[in-house]
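Dear colleague,

Here is the structure I promised to pass on. My notes on its aromatic rings follow below.

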Amino acid sequence: MTPEPEGYKKVSEENPKHIQANPYGPNPSDYLSNVSNFQLIESTLREGEQFANSFFTTEKKLEIAKALDDFGVDYIELTSPVASEQSRADCEAICKLGLKAKILTHIRCHMDDAKVAVETGVDGVDVVIGTSQFLRQYSHGKDMSYITNQAIEVIEFVKSKGIEIRFSSEDSFRSDLVDLLNIYRTVDKIGVNRVGIADTVGCANPRQVYELVRTLKTVVHCDIECHFHNDTGCSIANAYTALEGGARLIDVSVLGIGERNGITPLGGLMARMIAADREYVLSKYKLHKLRDLETLVADAVQVNIPFNNPITGFCAFTHKAGIHAKAILANPSTYEILKPSDFGLTRYIHFANRLTGWNAIKSRVDQLNLHLTDTQCKEVTAKIKRLGDIRPLNIDDVDSIIKDFHADVTTPALRPAEGGDVEEAHLDAIKKRKL
């Protein structure tokens, strides 16, 4: 028999423990990904003020700013202090709150705006100017040479005040790529904290976002921030893809409120990100505060939280179909990618309808502290379905059917008088009990 080589070890016959990677997490091929290292620039008090219904009093702005800070956002972005006298006063008031989040204000790429902004007490200034042919022709009317010189002047001034500075192009996805890369390279060299990409009209798709962010990463060394409007319904997907490509900061607002139909919603992005990296999200943000935060803003702008809103919509964790309910009762992960408990919420099995299954009804029987066999639960479910085919049901309807059925099957039959009819005696007993 041939001796085994020195140092040779037999392979264990035991199956090695398999650690399954999160299939919804960062793609290993995205080596620049910031999916597990992102930051939020919360813009409810800037972009959100541009929502059609918005009018925030100073007191409401302070309340929202505190709630955002408590939730854990990294930055809070405020309306330009040159927009109005009250906007400036509100900006100064929020800066004096001493919040953990850094306070930013958003201004045009203009020295007059910059001089006002740096005096408000903000931690940083977000500078923006349109770079697409549309905005250069129909908005400010300046060429790229002027834009570049103006950007350098404003950036150097803000940097001299010792506060953060971001330079962003507006309407980035309809701008010439060479123009974009040239101006981003220029502002990166003079030392901006980050550059911004803005999908101002919501025209971009995830593939375009990924390609632009990856290209920009080859040109600049600073962080990249992204701002996505939701006109074509891609804002959350675009935000996630931007992080995959190497962007680090995403602009969001509560319920996505903003110009037209708004930008990336805070709650929707949290839903996407917690599926990708639960530990990172839970370590940074108080997700159980999300519902109160959205309610606060919804009330302030007089809108209802949509029924299908990610996480906090009233249907978000509601299960109705019988097959779904059965699986959810056995293992919630079968039909839930998110855990409602992470957000301080609970799931709901909607059993008061004709689609209900006997497993959901059995669960309701247990909740009512009644006892029915599986066969009996199937029988009472059939009764519920028959009524559900006739009209809409509510919980009281279902509970009444269950309780009546339970009473019928658990009431002992009376021994009839000699020669009497057994069935008749049983019915008499039920009538007396109901009387």
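A charge counts as sitting over a ring if NZ of Lys or CZ of Arg is within 6 Å of the ring centre and within 35 degrees of the ring normal. Please keep in mind that this is a predicted model.

Arginine 272 has its charged end over the ring of tyrosine 240, 4.8 Å from the centre. Arginine 194 lies over the face of tyrosine 75. Here the distance to the ring centre is 4.9 Å.

Now the ring pairs. A search of the whole structure gave three aromatic pairs. Two of them are described here.

Phenylalanine 38 and tyrosine 285 have ring centres 6.1 Å apart. Their planes meet at 25°, so the pair is stacked, the limit being under 30 degrees. This pair links distant parts of the chain, 247 residues apart. Phenylalanine 38 is in the segment before strand 1 (39-42). Tyrosine 285 is in the loop between helix 10 (278-284) and helix 11 (290-300). Phenylalanine 38 and tyrosine 285 are both buried.

Tyrosine 285 also pairs with phenylalanine 71. The ring centres of phenylalanine 71 and tyrosine 285 are 5.9 Å apart and the planes are at 15°, so this pair is stacked as well. Phenylalanine 71 belongs to helix 1 (residues 58-71), 214 residues from tyrosine 285. Phenylalanine 71 is buried, like tyrosine 285.

Which residues form one aromatic cluster? They are Phe38, Phe71, Tyr280 and Tyr285.

Best wishes

Note on methods: Residues are numbered from 1 along each chain as its sequence is written. This is a predicted model: local features need pLDDT of at least 70, side-chain atom pairs count only at pLDDT 80 or more; totals for chains, interfaces and linings use all residues. Side-chain values use heavy atoms; hydrogens and water are left out. Rings of Phe, Tyr and Trp (its six-membered ring) pair if their centres lie within 6.5 Å; planes under 30 degrees apart count as stacked, over 60 as edge-to-face and the rest as tilted. Helices (H or I, at least four residues) and strands (E, at least two) are DSSP runs, numbered from the N terminus. Buried means under 20% relative accessible area, exposed over 50%, partly exposed in between (1.4 Å probe, protein chains only).
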